[in-house]
Amino acid sequence: MERTKVIAIFGATGSQGGGLAHAILRDHNSPFRVRAITRSASSEGAQKLKELGAEVVEADLDRPETVEKALEGAYGAFCVTFYWAHFSPEKEKQHAETMARAAAKAGVQHLVWSTLEDTRKWIPLSDDRMPTLMGQYKVPHFDAKGESDRFFVNAQVPTTFLLATFYWDNMIHFGMGPQKGEDGSYSLTLPMGEEKLAGIAASDIGEAAYAIFQNREQYLGKFVGVAGDHLTGDEMASALSRALDVPVRYHAIDPEDYRALGFPGADDLGNMFQYYRDYAMVFLASRDLAGSRTLNPNLKNFEAWLTENKDRIPLG
């Protein structure tokens, strides 16, 4: 099949965008062509995509004119922001607005925006059960994305709002995997109490986005949540024990203790886990497992992800 429709992918060398790019490039019957948007076309990730058949275009979200040029002639766009690169919700909102305006100007016919809930709808700033951060957020990296939904609505871009969730890949790249204690045992430390955590393989978010692009009319204008599993801390620890062949126990701590761990973003993540815990039914319901697998029948559960990635998880 001739690939006639260009899907412009922000973050194409990252987890979510990369998952989408590879899903399209693997499908030889796809009607879509990949336009990988990156800050550096010479990067290793960009060059690998080019070798696979992607068009690689440089753009900088801090330079709106480059974003407009990158979206020219695109049928669709996958938009994602990069909070952990700068820790600035204001910059994240600015980048989202830049993409929305550029997509409207380019006449993009279907945009998938990787977003999250604005937690302030459930935990107002006046609610002292959770500390307010930066003067106006509860979970900054959630709230900025949720607040940014309006940019795509106001720009009248045909949009599907894709609700991501906790990446199991954080155990590889973010130090959230089992940690070795002084007694030699391993612990998975999360402030989740007995509630279940919705998780997903980061690349599967991109796979879900591909399914959405393939079914435009079904998902246009909707919020679509995805997850590969809903597991308690004990269930995750048991799966890790089997996969890593070391005993791992779940160590439940309070969110305030997690916030006090002191690493960059600990306060944000502590609030995030508190939101996951205190509003578990709301969060899990919006990421229904059956619906997620209807969207992507090949969606990995936690055990399948561990089978593929167990050797990449550092045992600290």
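This is a predicted model: local features need pLDDT of at least 70, side-chain atom pairs count only at pLDDT 80 or more; totals for chains, interfaces and linings use all residues.
Numbering runs from 1 along each chain as its sequence is written, and side-chain values use heavy atoms, with hydrogens and water left out. When I say helix, I mean a DSSP run of H or I of at least four residues, and a strand is a run of E of at least two, both numbered from the N terminus.

Back to Met236. Is Met236 buried or exposed? Buried, with a relative accessible area of 1%. Buried here is under 20%, exposed is over 50%, and partly exposed is in between, using a 1.4 Å probe and protein chains only. Leaving out residues up to four places away in sequence, Met236 touches Trp168, Met171, Leu188, Leu190, Leu197, Leu231 and Phe302. Touching, or contact, means heavy atoms within 4.5 Å.

Now the cores. A nonpolar core is a set of buried Ala, Val, Leu, Ile, Met, Phe, Trp, Tyr and Cys residues joined through side-chain atoms within 4.5 Å. The largest one has 74 residues, and Phe273, Tyr276 and Phe302 touch the most other members. Which helix gives the most to this core? That's α7, with seven residues. Apart from this core lies another, of 25 residues, including Val6 and Met99. As background, nonpolar side chains in soluble globular proteins tend to be buried together.

Tyr276 is worth a look: beyond its neighbours within four places in sequence, Tyr276 is in contact with Phe142, Thr165, Phe166, Met192, Leu197 and Phe283. The axes of α5 and α11, residues 266-278, come within 8 Å and cross at roughly 70°, so the two are roughly perpendicular.

On the geometry, axes are lines fitted to C-alpha atoms, for helices over the stretch in contact, and angles between N-to-C directions run from 0 to 180 degrees. Under 35 degrees is roughly parallel, over 145 roughly antiparallel, 65 to 115 roughly perpendicular, and the rest oblique.

Next pair: helix α1, residues 15-26, packs on α7, residues 202-214, at about 55°, with the axes 6 Å apart. That makes α1 oblique to α7. Among the residues making the contact are Gly19 and Leu20 of α1 and Gly206 and Tyr210 of α7.

Most residues other than glycine have a negative phi. Phe87, though not a glycine, has a positive phi of about 60°. Phe87 is in the loop between β4 (76-79) and α4 (89-106), and counts as partly exposed at 33% relative accessibility. Gln156 has a positive phi too, near 60°. Where is Gln156? In the loop between α5 (140-154) and β6 (159-163), and Gln156 is exposed, at 72% relative accessible area.
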